[in-house]
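I am opening a notebook on a structure that is new to me. Each entry says what I looked up and what I found.

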Amino acid sequence: MEMSQIEIIPFGFAAGAEVRGLDLSKPLEPADLATIKAAWLKHLVLVFPDQDLSAEDQIAFSRNFGELDPQESQAPETLHPDHREILVLSNKVESGKKSGTHNSGRNWHTDLTYTSRPAKGAILHCKEKPSVGGDTMWANLYLAYETLNPNIQQLLEELEAIHDVTLIRGLEQRSPDVIAEMKQRNPPMIHPVIRLHPETKRKSYLVGERVRGFVGMSDEESRHLINMLNEHATKPEFVFRHRWRLGDVVMWDNRCTSHVALGDFDQTQPRVMFRCSLEGEEETGRPFERPQTDDRAAMAQAVAAVS
Ligand SMILES: O=C(O)CCC(=O)C(=O)O
Ligand SMILES: [Fe+2]
């Protein structure tokens, strides 16, 4: 049997490596799959250049790394018409209508934290790209955690954050039906801040710019802590920035990274990406319930407990 010659070339210290020598439209040899999995855990974001995958190929490749997210959190019109496993990220205007994903990913986030089961990872395939700009950046959240002072690490240990889909940057610019779907499908969700990676056993912290507060803190306390943690996590030394090439397939580990898609490109040029999300291994979230009572004292107590 022919052995493929996989080469793994690190792109950055914090994250990112290019994986050369593979055609992902073909089934992977077990040894190659093991090499990819090990490289993924080490580099967090893998870039496979020069791929040309059909929707079926991309789905088959993605299934090597886990179940696919059923995408119930997404507005149906943003999914591939024949393959619900694929979210189409596109800025194209179709029959006079802006796509429901034309500005997706524009603030720092980890995918699907507005659901009870944040994604394990994602596989993104570059189909069309602007001539310049539209890069994506990833932050290494292990390094962010590990470089905090132990006193702050301790503070985060029992903390829970409220993730809110309405904090997606630019959500208000999407069509009213997409906004309504996203809100209705995804009420605010509470997740623990500290995460232990099930495979590497390293800790990281999950906050990002779609968190509206911490349970048991005032808005003001939350705001300062959110800003501090996000600023720290996205320091340049923890960030890998990818400049897309047509055909790139990028696969990231969502359990220890956050990312942002930059809107710095000519919006009259198409940018189209197909995404498969790996279903989260664990349901870590619980809904954040608004206090539902007429009793003022109970209301005040409930608000104090969560705001
Ligand atoms: O378009 C991109 O570069 C990434 C968008 C994003 O946040 C995602 O696919 O999860
Ligand atoms: Fe994302």
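Does Arg245 count as buried, partly exposed or exposed, and at what relative accessibility? Arg245 counts as partly exposed, because its relative accessibility is 35%.

**Ground rules**

This is a predicted model, where local features need pLDDT of at least 70, side-chain atom pairs count only at pLDDT 80 or more, and totals for chains, interfaces and linings use all residues. Residues are numbered from 1 along each chain as its sequence is written, chains are lettered from A and ligands numbered from 1 in the order in which they are written, and side-chain values use heavy atoms, with hydrogens and water left out.

**Entry: salt bridges**

I stayed with Arg245 and looked for its partner. Arg245 forms a salt bridge with Asp248, and their closest N and O atoms are 3.2 Å apart. By salt bridge I mean a side-chain nitrogen of Lys or Arg within 4 Å of a carboxyl oxygen of Asp or Glu. Asp248 is buried, with a relative accessible area of 0%.

I then searched the whole structure and found 21 salt bridges. One of them joins Asp177 and Lys97, with the closest N and O atoms 3.4 Å apart. This pair links distant parts of the chain: Asp177 is in helix H5 (residues 176-185), Lys97 is in strand S6, and 80 residues separate them. Helices (H or I, at least four residues) and strands (E, at least two) are DSSP runs, numbered from the N terminus. Asp177 counts as partly exposed at 35% relative accessibility. Lys97 also counts as partly exposed, at 36%.

Next I checked a pair inside H5. Arg185 forms a salt bridge with Glu181, and the closest N and O atoms are 2.5 Å apart. Arg185 and Glu181 are four residues apart in helix H5, so about one helical turn separates them. Arg185 counts as partly exposed at 29% relative accessibility, and Glu181 does at 25%.

I also noted a network of salt bridges that links Lys120, Glu199, Asp253, Arg255 and Glu281.

**Entry: Ile179**

I picked one more residue of helix H5, Ile179. Ile179 counts as buried, at 17% relative accessibility. What does Ile179 touch, not counting residues up to four places away in sequence? Ile179 touches Leu171, Glu172 and Arg174. Contact here means heavy atoms within 4.5 Å. I also looked at Ala75: Ile179 and Ala75 are 104 residues apart in sequence, and 8.4 Å apart in space, C-alpha to C-alpha.

**Entry: helix H2**

Which residues of helix H2 (residues 55-62) are buried? They are Ala55, Gln58, Ile59, Phe61 and Ser62. These residues cover an arc of only 165° around the axis, which puts them on the same side of H2. The arc is that of the directions from the helix axis to the C-beta atoms. The buried residues of H2 pack against strands S3 (45-48), S4 (86-90), S7 (121-128), S15 (249-253) and S17 (272-278).

**Entry: the iron ion**

I looked up the donors of the iron ion (ligand 2). His109 (NE2), Asp111 (OD) and His259 (NE2) coordinate the iron ion at 2.1 Å. Donors are N, O and S atoms within 2.8 Å of the metal (3.2 Å for Na, K and Ca); water is not among the atoms, so sites may look incomplete. The donor residues are spaced H-x1-D-x147-H in sequence.

**Entry: ligand 1**

Among the residues around ligand 1 are His109, Asp111, Thr136, His259 and Arg275. To be listed, a residue needs a heavy atom within 4 Å. An N or O atom in the side chain of Thr136 is 2.5 Å from an oxygen atom of ligand 1. For Asp111 the corresponding distance is 3.0 Å. A polar side-chain atom of His109 lies 3.1 Å from an oxygen atom of ligand 1.

**Entry: positive phi**

Leu44 is not a glycine, yet its phi is positive, about 70°. Leu44 lies in the loop between helix H1 (30-43) and S3. Leu44 is buried, with a relative accessible area of 1%.

Key:
Buried means under 20% relative accessible area, exposed over 50%, partly exposed in between (1.4 Å probe, protein chains only). A polar contact is a pair of N or O atoms within 3.5 Å; within protein, one must be able to donate a hydrogen and the other to accept it, and residues adjacent in sequence count only if both atoms are side-chain atoms.
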